[in-house]
Amino acid sequence: MHKLSLIAVLFLHGCSTVDLRPDEPATDDDRRVGEKLLRQLADAHGGRSAWLAARVVRAKMSDRWKNGFLHLVGGPWPRNGTQFELTLLTGRDNGRLRFTDVDEPDWGIQNWRTYKVEHGEPVFKQHKKIAFWIPTTTYFVEAPFRVQEATTVYRMSPATVAGRSYERVFATWGDDAPQDKIDQYVVWIDAETHRLAWMKYTVRDYGDWMMGIMAYEDYVEVGGFTLARRMGTVDKPGGKRTLRQMTVETFEVEVDVPDEHVVPRPDLRGTKH
C-alpha cells in the first residue's frame with residue numbers, strides 16, 4: 001500500500017530532492033529573530049512549558065482523505081474517515097490510538113516500540129504503519145509547541161496571503177541542508193495573532209522528494225491552550241485542499257490516566273531509525 005502511495009506522489013511531484021531553505025543564507029540576526037518568533041508562537045498557543053506540564057492530552061478526531069482511492073493507496077486507517085481517540089504524552093512521541101467506529105485493536109507506540117492491544121493486553125511487535133502514523137499525527141497536533149525543539153532555526157522573508165501578513169521561520173535539526181531522515185519545516189505564523197497558520201514540511205522517511213503543507217484552522221480554547229480543530233493538507237498557503245483533512249471533535253488536557261496507559265512496558269525501548 002505504501003509503495004503505491006509513493007508511486008502516486010512520485011508521478012505528481014517528480015523525484016528531485018526537496019529543499020525548503022531560502023535562496024539567501026541566514027544571518028545571525030535571522031537566527032535570533034527566528035528563535036524569538038517560535039517562542040512567540042508557542043506562547044500564543046498557551047506556552048510550551050504549560051503544554052509539557054499538562055502531561056496527557058486526548059483528542060477525539062477523524063482523518064478523511066480526499067477520496068477512497070487516495071486512502072486506499074496511501075491512507076493508514078481501517079477505512080477512510082475513521083474516527084479515533086488519540087491519547088498522547090505531551091512532547092514525547094508516545095501515543096495510543098483507540099478506534100471508535102470500527103472493530104480494530106488499539107494501536108500504541110512507546111519509546112519507538114509499537115504494540116497492539118489484544119484481549120486487554122499490549123502485544124509488542126514492530127508495525128511500520130503505527131511507527132510512522134501515530135508520531136506523525138501527534139506531531140501535527142503538538143506542532144506549535146514542538147517545532148521549537150529544532151536546533152537550526154532562522155527567520156525567512158515575510159509573506160502576504162489574501163492581504164494578511166505572515167512571518168516565516170525555517171526549522172530543522174543539525175545542518176540546514178537536506179539530510180537523510182531529518183525533516184525540514186517552514187512555519188507560517190500569523191503576524192497579528194502569532195498563531196500557526198500553515199506548516200510546510202518534508203517527509204524524509206518516505207523519500208527525499210516528498211513534502212506537504214498543513215493548514216491549521218478553527219482554533220478553540222481548551223484548558224488554557226489554543227488548539228486547531230481542523231488540520232488539512234493544501235496545495236499552497238491559502239490554497240485548495242489536497243490529500244487529507246483531520247478534524248478534532250473534542251480536546252481534553254491534563255487527562256487523568258497514568259503513563260502506563262500509553263507506555264505499558266517502560267523497560268522496552270527502541271530507536272526511530
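Residues are numbered from 1 along each chain as its sequence is written, and side-chain values use heavy atoms, without hydrogens and water.

The mean pLDDT of the protein chain is 93; pLDDT is the predictor's confidence in each residue, from 0 to 100. A value of 70 or more is reached by 95% of the residues. Residues 1-13 have a pLDDT below 50. Beyond near neighbours in sequence, this stretch has 21 contacts in the model (contact: heavy atoms within 4.5 Å). Where pLDDT is low, the predicted coordinates should not be read in detail.

The protein chain has 5 helices and 13 strands. These are DSSP runs, numbered from the N terminus: helices are H or I with at least four residues, strands E with at least two. Along its principal axes, the C-alpha trace spans about 55 × 45 × 35 Å. Of the 273 residues, 49% count as buried (under 20% relative accessible area, with a 1.4 Å probe and protein chains only).

Two strands pair if DSSP finds at least two bridges between them. β1 pairs with β2 (residues 83-89) in the antiparallel sense over 7 bridges. Here Ala59 stands opposite Leu86. β1 also pairs with β13 (residues 241-253), again antiparallel, over 9 bridges. In that pairing, Arg58 stands opposite Glu252.

Notes:
This is a predicted model: local features need pLDDT of at least 70, side-chain atom pairs count only at pLDDT 80 or more; totals for chains, interfaces and linings use all residues. Buried means under 20% relative accessible area, exposed over 50%, partly exposed in between (1.4 Å probe, protein chains only).
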